[in-house]
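Could you look this model over with me? I've jotted down a few points to go through together.

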Amino acid sequence: MVKLAFEHRQAGHCESGVTRNLLNYHHFKISEPMAFGIGAGLFFSYLPFLKMQHAPTTSFRVWPGQVFDRATRELGVKTAVHTFRNPKDSMDKLNEVLEQGYPVGLQVGTFHLPFFPPEYRMHYNMHNMIVYGHENGTYFISDTLMENLVEINYEDLMRVRFAKGAFAPQGRMYYPTHVPARIDIKPAIVKGIRKTANNMVGIPFPLIGVKGIRYLAGRMRKWEKKLGEAKASYYLGQVLRMEEEVGTAGAGFRFIYGAFLEEASTVLNQPWLRELSFEMGENANSWREFSYLGSRNCKKRGKPDQSYDFLADMLIEIANREEKIFKKLSTIK
Amino acid sequence: MEENLNPVYKDKAYGQHRELSYSYGDGGTFEKTVGFHGEADRLILQQAWDLFHERIEEARQRVLAGKASPVVYFMEKNLLDPMNLSMMAGISLWRVKWHFKPGVFKRLNDKTLQKYAEAFNITVDQLRKIES
């Protein structure tokens, strides 16, 4: 049996929360927005050809696993990452690593996760949590979504680690093996900001970044005519669910990114980043406004100021603002 | 535990965990708060669950009327679509769709049924009839 002295802290976003908690365990103090920003987690993509729960996928974040990978790489932290074919092997390896004294991050599917809140229990294979000990087939879990520590038994853990379907986790486990005593955080921040700015405004492809927001706005105007009222409303709901629901800390990560810019401005001593963090906060508030009006629309209270055209106009405005912010951010030195 | 319940839910089994969220205030600072999610979040989640339940009930009626095979019902019940089901059961997409026909489903061998049963986390007997 092992039970590491692990400090559980709740977080807004599962993966950056896991990254922060793991690094904190190894005595490197970093905040959640910092982990998110260095990991370049902010993104936007709208993929109409990839259906998720019967509606097009909208994503406000990068590929799962990237936040941890990027953040640790930029900070010079050595990590180990494993995926498995055989479920039994993965559990043996997990026990072995725990006995060596490392808490381990896991990518899991949420559908069979017993402690997960029932209203969120859908097929979503990109959730992250930390195992910090085990005893007689019971595993001790720190899930950053939950307020308290939880437990899970051997069979359930094996099942969620090998959840199948899109983005199957395949038992993915990861943990820092060596954290340097002195870390210079400044170049990592600059690189993270540059990467995010490039993701948002630098990629010449219509479905991602700021262009993706405009594309979504264009599509949104046609939804009602093309799909009928019920389906259009469901499609809108899907965008909002991806934006507001579990694990985005609100407004599709825009709040958390604003908090990161605020912190970065003091660390780098560059006051203009503070100005941009105000802009980002305003921007996040408009996303929040968008989702509030959108949810009214989902309830079928079809007022003129909540029509798809109005919402699409709002999105265009948001896109313009974000383009301005990220164009400025891309000039960071 | 907390005595206060989330006011936006009538059913106390739902929405009763508190999550952390960020916000941006007038003073230009970002704040962290821990609390229940609000009415807007409930609405959009409710919309998804309404659709799922509707689809499950519709699938059940179609299976009972003999227009679809039980695979359709259990697929909807597990909130899957044909693509995800084919990944989970390890059966190709067009075969999964082919098995949606009740006549085809009746002739399936035990090996294939077992694959579906595992994907749905039930026994083969349960898969054969859905009334229970």
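Here are my notes, point by point.

1. First, the ground rules. This is a predicted model, where local features need pLDDT of at least 70, side-chain atom pairs count only at pLDDT 80 or more, and totals for chains, interfaces and linings use all residues. Residues are numbered from 1 along each chain as its sequence is written, while chains are lettered from A and ligands numbered from 1 in the order in which they are written.

2. On confidence, the predictor gives the complex a pTM of 0.86 and an ipTM of 0.78. Chain B has a mean pLDDT of 82 (pLDDT is the predictor's confidence in each residue, from 0 to 100), and 94% of its residues reach 70 or more.

3. Helices here are DSSP runs of H or I with at least four residues, and strands are runs of E with at least two, numbered from the N terminus.

4. Now look at chain A: Glu15(A), Ser16(A), Val18(A) and Thr19(A) in H1(A) meet Val67(A), Phe68(A) and Ala71(A) in H3(A) (contact means C-beta atoms, placed from the backbone, within 7 Å).

5. Finally, Asn285(A) and Tyr175(A) are 110 residues apart in sequence and 35 Å apart in space, C-alpha to C-alpha.

Definitions and conventions:
Two residues are in contact if their C-beta atoms, placed from the backbone, lie within 7 Å.
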